[in-house]
Amino acid sequence: MNEQLLNRALGAYLGFACGDALGATVEFMSPKQIQKRYGVHTEMIGGGWLGLEPGQVTDDTQMSLALGQAILDHQGWNLKAVADNFLAWLESDPPDVGNTCRRGIVRYRDDGVLIGLPREDEAGNGACMRNLPVVLATLNRPEDFESWSLEQSRITHHNPLSDAATLALGHMTNALISGQGLEPCVLQAEGLIGQYSEFAYSPYPGKASGYIVDTVQTVLHHFFNTDSFESCLIATVNQGGDADTTGALAGMLAGAKYGLDQIPARWLERLDRQVVAHIRRQVAVLVQLGE
Ligand code: MN
Ligand code: MN
């Protein structure tokens with residue numbers, strides 16, 4: 001096992017969870033409201049509209065763990081197992097469930113639909129946000145990355161903007177974890193914008209909603225314009241809006257780039273212990289899959 005690769009893979013997944021837990025405090029607030037209440041929001045204090053414990057994560061991390069666990073349990077791809085884990089998660093009465101995610105999972109529960117028809121109103125960020133386990137599981141089998149990503153996405157989100165963003169962010173994360181640095185990420189971002197110009201993020205329009213275009217713009221703007229894990233996450237979540245999800249995705253990219261060692265200890269120590277243990281178990285197995 002390449003130790004640096006493991007450090008970046010752990011950085012991506014734990015960074016993702018840190019962004020979720022840090023951002024959830026200010027989810028659905030505007031930058032002005034955040035400023036008035038916190039100045040700059042920098043600490044993992046819980047609260048927010050969900051009334052969370054400090055370090056508690058939300059659906060972003062929970063759905064990722066559900067997806068990763070299905071891959072782990074089957075030592076590979078089993079779409080029905082992924083959908084079953086999403087359903088078990090939904091039935092566990094989680095604190096937060098996105099509307100589009102709920103609709104897709106209920107559609108699977110009631111009609112057995114694993115891949116719905118394309119829909120214009122499925123351009124939320126819910127599929128993109130949970131795809132990191134697929135990135136990790138396909139590090140050694142790149143030929144499977146796109147099909148696994150799209151299949152898990154379309155359980156709940158079947159939309160070309162969601163598809164394109166999920167693939168682009170996944171390819172970027174793969175390149176960073178593999179140690180290829182920023183250049184392939186820049187090319188991926190350019191490719192995404194070439195395909196769908198609405199993703200252009202410079203100048204940054206400043207919207208950070210759950211619409212996949214707003215989410216990607218927010219994540220890429222802050223990822224490419226900061227120079228540390230901590231500054232990337234703080235800048236992202238203080239944009240408010242869907243701050244736990246933009247925070248999680250920014251944390252994924254920044255964690256993959258800077259590695260586990262660059263995640264501030266005060267955040268890692270606050271993060272839900274069970275979640276940290278679950279993430280560590282998943283990373284250890286997922287990155288070796290297909291070797
Ligand atoms: Mn969430
Ligand atoms: Mn969210």
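Hi everyone! Along the chain, the donors of the manganese ion (ligand 2) are spaced as E-x214-D-x1-D-T. By donors I mean N, O and S atoms within 2.8 Å of the metal (3.2 Å for Na, K and Ca); water is not among the atoms, so sites may look incomplete.

Before we go on, this is a predicted model, where local features need pLDDT of at least 70, side-chain atom pairs count only at pLDDT 80 or more, and totals for chains, interfaces and linings use all residues. Residues are numbered from 1 along each chain as its sequence is written, chains are lettered from A and ligands numbered from 1 in the order in which they are written, and side-chain values use heavy atoms, leaving out hydrogens and water.

So which residues hold ligand 2? The protein donors are Glu-27 (OE), Asp-242 (OD), Asp-244 (OD) and Thr-245 (OG1), and they lie 2.0 to 2.5 Å from the manganese ion (ligand 2). Asp-242 is buried, at 8% relative accessible area, and Thr-245 is buried too, at 3%. Buried here means under 20% relative accessible area, exposed over 50%, and partly exposed in between (1.4 Å probe, protein chains only).

Now the manganese ion (ligand 1): Thr-58 (OG1), Asp-59 (OD), Asp-60 (OD) and Asp-244 (OD) coordinate it at 1.9 to 2.3 Å. Their spacing reads T-D-D-x183-D. Thr-58 is buried, with a relative accessible area of 0%, and Asp-60 counts as buried at 0%.
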